[in-house]
2 protein chains.
Amino acid sequence: MRILFHHPLHPLSRVARVMLAEKGLPFEPVIEKPWERREEFLTLTPAGEPPVLVEDDGTVVAGGLALIEYLEEAYPDVALMPREVALRAEVRRVASWFLQKFDREVTENLVGEKLIKRLSGQGHPYAPAIRAGLANIQYHLEYIAFLSERRPWLAGPAFTVADIAAAVQLSCLDYIDNVPWDKNPEAKDWYARIKSRPSFRALLADSIPGCPPPKHYADLDF
Amino acid sequence: MRILFHHPLHPLSRVARVMLAEKGLPFEPVIEKPWERREEFLTLTPAGEPPVLVEDDGTVVAGGLALIEYLEEAYPDVALMPREVALRAEVRRVASWFLQKFDREVTENLVGEKLIKRLSGQGHPYAPAIRAGLANIQYHLEYIAFLSERRPWLAGPAFTVADIAAAVQLSCLDYIDNVPWDKNPEAKDWYARIKSRPSFRALLADSIPGCPPPKHYADLDF
């Protein structure tokens with residue numbers, strides 16, 4: 001069976017897990033701690049970053065963004081991007097917003113400082129980064145509200161990888177209880193729709209030893 | 001005519017310029033200084049980052065990675081990615097290496113500190129970042145040598161966006177004379193092949209007022 005090397009609180013790894021589940025592709029998940037720089041893993045991907053997919057025929061797909069495009073090209077039956085070229089560009093724009101901009105401005109500052117540093121033994125959280133992350137998340141939740149007021153889903157009429165990209169970031173933040181849901185009802189409504197999808201179930205079952213999530217993390221009525 | 005908003009020393013902007021030239025698509029280049037956060041530009045792209053392409057029919061494509069995929073999908077006649085799905089994944093892996101990893105480890109530390117800070121009035125260069133960038137570039141030049149010893153081009157048998165991605169990063173570094181070419185003859189040979197392509201000519205003619213490039217920057221026999 002195909003193998004996915006991933007880390008539970010790594011956003012691009014979460015995208016890969018949700019995409020594989022949406023497309024109905026069975027896989028064996030293997031947790032990879034990138035900070036250990038395990039030699040076998042580095043032979044698969046010199047960048048040393050999950051996710052990495054190893055197909056049954058030995059094909060290795062490394063790099064989170066490359067893997068998104070690969071899954072869409074190799075398994076198009078359940079499409080997570082529209083067909084029309086300009087609409088695809090909008091999906092990728094919104095997906096990049098969350099996978100790159102949100103990641104840098106929010107997730108690295110909060111999940112990175114509070115949780116990944118602790119798991120990887122890289123020292124104490126840096127308070128100014130945490131303050132920046134907490135300030136920045138509000139702006140991104142407002143952007144989700146802005147988009148979801150104008151469109152059924154974040155990048156247009158259909159559920160796409162743009163929704164997956166945004167939802168996995170919020171799910172990582174929700175794992176450390178850092179999403180102000182009460183102040184952001186539109187973003188909460190949109191997230192609730194994704195949280196209830198079967199493809200999201202495995203993510204909601206994640207629990208890192210010594211760092212369990214808050215109770216509402218897995219609750220569909222949060 | 002289609003318009004490309006770009007910045008001369010912004011790697012993803014350079015990728016767009018080279019791809020448009022390779023595909024023979026005429027465009028009007030407009031220089032955008034993202035740090036000015038110009039209101040008209042922000043209405044095109046809330047992320048405020050070049051490159052942004054505006055097509056004749058008004059279609060706006062924002063986000064550098066989205067634009068790469070868009071140009072490949074909308075104008076496939078001159079292909080800059082192979083057709084086979086697994087080979088495309090390898091092209092995207094190598095392209096991401098340079099557009100994300102190299103950018104973070106080298107370009108931001110050197111071009112960002114030495115040139116962009118000065119142009120945008122964001123203060124003085126941070127010496128530890130510059131030291132890190134100078135140390136990191138060597139490792140990446142060795143990776144280019146490693147790949148180009150095993151393959152005709154960085155991601156396989158053909159010239160692809162992976163080569164463009166790596167070449168534009170090096171061209172930005174070369175603009176500030178920070179590429180140790182003499183110590184890295186394999187990377188130099190590979191770069192020389194790209195530098196001589198007609199699609200690269202406009203980049204080699206770039207000259208920022210007050211910050212001209214070194215003489216060898218535009219020299220094909222460097």
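A disulfide is a pair of cysteine sulfur atoms within 2.5 Å. By that cut-off, this predicted model holds zero disulfides over all chains.

Take chain B to begin. The cysteine sulfur closest to that of Cys211(B) belongs to Cys172(B), and the gap is 13 Å, so the two are too far apart for a bond. Cys211(B) is also buried, because its relative accessibility is 9% and the limit for that class is under 20%. Now chain A. Here Cys172(A) has its closest cysteine sulfur in Cys211(A), again at 13 Å, which is too far for a bond. Cys172(A) counts as buried because its relative accessibility is 0%.

Next, follow helix α4 of chain B, residues 85-120. A straight helix of 36 residues would span 52 Å at 1.5 Å a residue. The end C-alpha atoms of α4(B) are only 41 Å apart. Where does α4(B) bend? Look at Asp103(B), where the bend is about 70°. Just past the end of α4(B) comes Gly121(B), with a positive phi of about 65°.

Finally, return to chain A for a helix pair. Helix α1 covers residues 11-22 and helix α6 covers residues 161-175. They pack at an angle of about 130°, and their axes lie 9 Å apart. That angle makes α1(A) oblique to α6(A). Which hand does the crossing of α1(A) and α6(A) have, left or right? The crossing is right-handed.

How values were computed. Residues are numbered from 1 along each chain as its sequence is written. Chains are lettered from A and ligands numbered from 1 in the order in which they are written. This is a predicted model: local features need pLDDT of at least 70, side-chain atom pairs count only at pLDDT 80 or more; totals for chains, interfaces and linings use all residues. Side-chain values use heavy atoms; hydrogens and water are left out. Buried means under 20% relative accessible area, exposed over 50%, partly exposed in between (1.4 Å probe, protein chains only). Helices (H or I, at least four residues) and strands (E, at least two) are DSSP runs, numbered from the N terminus. The expected span of a helix is 1.5 Å times one less than its number of residues. The bend at a residue is the angle between axes fitted to the seven residues ending there and the seven starting there. Axes are lines fitted to C-alpha atoms, for helices over the stretch in contact, and angles run from 0 to 180 degrees between N-to-C directions. Angles under 35 degrees count as roughly parallel, over 145 as roughly antiparallel, 65 to 115 as roughly perpendicular and the rest as oblique. A crossing is left-handed if the near helix is turned anticlockwise from the far one by less than a right angle, and right-handed if clockwise.
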